[in-house]
Amino acid sequence: MITRKVRKWEKLPGKNTFCCDGRVMMARQKGVFYLTLFLIIGTCSLFFAFECPYLAVHLSPAIPVFAILLFFFVMAMLLRTSFSDPGVLPRALPEEATFIEMEIEAANGNVPAGQRPPPRIRNVQINNQIVKLKYCYTCKIFRPPRASHCSICDNCVDRFDHHCPWVGNCVGKRNYRYFYLFTLSLSLLTIYIFTFNIVHVVMREFHCLTVLEVLVCFFTLWSVVGLTGFHTYLISLNQTTNEDIKGSWSGKNRVQNPYSHKNIIKNCCEVLCGPIYPSVLDRRGLMQEDSPVSATSAAPSSSSISNPVPQTMKTTAALIPNEHTPEDAKPSVAASAEKSPSPKDGDPPAPKVPPLASPETDVETSIVKDKTH
Ligand SMILES: [Zn+2]
Ligand SMILES: [Zn+2]
């Protein structure tokens, strides 16, 4: 009897679509992504068809060559952002979820009937800052720091930045730099086409298609250049859009960004040139017979316990008891921070390890640093 091989992407629980046997991964809603493609390809085609021949002869043949190179770079960055795993975290297996539920109930004790149970939050210490880990009721995991659940894709995404309908995907840990390079190169391409359209009008004649291009470029300029500027600001602070909107590291929470190096160059280097993490979703792996539907994790150890956070919580000292809010815990932390200098400036706060271990290592890194100072 021949049974069809089932790959893991076919059983993934989030709201994603997959192509090319799981190699390409996107959000389900792709209408705006097709609009992005149409606008970029349409505007560039008009430019290549109507302005480039004249400009190449009368100004320089380098003008269309540079435009073509820039166009291909923009498209490569767009498709790399859109078609990749943004850093989706696997959901807990049923038995893991039961185990975590038991742990939470044991920690909370008996809640009298009619009373609301305490919020499912765990506090960890990272680089002398208390960071809350929130429980995701959909994925049944305590999210690693910086992760958030995307309601559109229905997945927890590591270092979640935002869900971008223009690229048809979440922007997170694994595709953020490509998203930034896409906005940056698209800004350059828009300015380039806009400028040479104006030059063309001045040198030659008024053409209604040129006006269309100028209009598209003009409106794209404001939005894309503004967006690039905003992300340049975020990168210089090593902050995500999600953290910026929520004010995670702003003064009101009394928690400073534990991931910032307090140095613009170092922050930019880490975000743009740091290691690329492998996908934790083993999308093209084969399903094992009798394995549960939500089996999504790639790590071999995950067959027993795939969610690293609760494990870490149990075994490391960095876990702050749940009853202590960050406000409660802050003075002692601040005092210890005053006594000891901040962690070695040269050390990146983010670990250079595979993503499955990242929350664990974040915590452990902080412990090691606490002990050494
Ligand atoms: Zn989730
Ligand atoms: Zn999303």
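1. Helix 3 spans residues 94–108, and its 15 residues reach 21 Å from first to last C-alpha, close to the 21 Å expected at 1.5 Å a residue, where the expected span is 1.5 Å times one less than the number of residues. Helices here are DSSP runs of H or I with at least four residues, and strands are runs of E with at least two, numbered from the N terminus. After helix 3 comes Gly109, which has a positive phi near 70 degrees.

2. This is a predicted model, in which local features need pLDDT of at least 70 and side-chain atom pairs count only at pLDDT 80 or more, while totals for chains, interfaces and linings use all residues. Residues are numbered from 1 along each chain as its sequence is written, and chains are lettered from A and ligands numbered from 1 in the order in which they are written.

3. Strand 4 (residues 121–126) and strand 5 (residues 129–136) run antiparallel and are joined by 6 bridges, pairing being assigned if DSSP finds at least two bridges between two strands. Their hairpin has 2 residues between the strands, and Asn127 takes a positive phi near 45 degrees there.

4. Lys132 of strand 5 is the bridge partner of Asn123. Lys132 counts as partly exposed because 18 C-beta neighbours lie inside 10 Å; a residue is buried with 20 or more other C-beta atoms within 10 Å of its own, exposed with 12 or fewer, and partly exposed in between, with C-beta atoms placed from the backbone.

5. Strand 5 also runs antiparallel to strand 6 (residues 141–142), with 2 bridges joining them, and Tyr135 stands opposite Phe142. The hairpin of these strands has 4 residues between them, with Lys140 in the turn at a positive phi of about 60 degrees.
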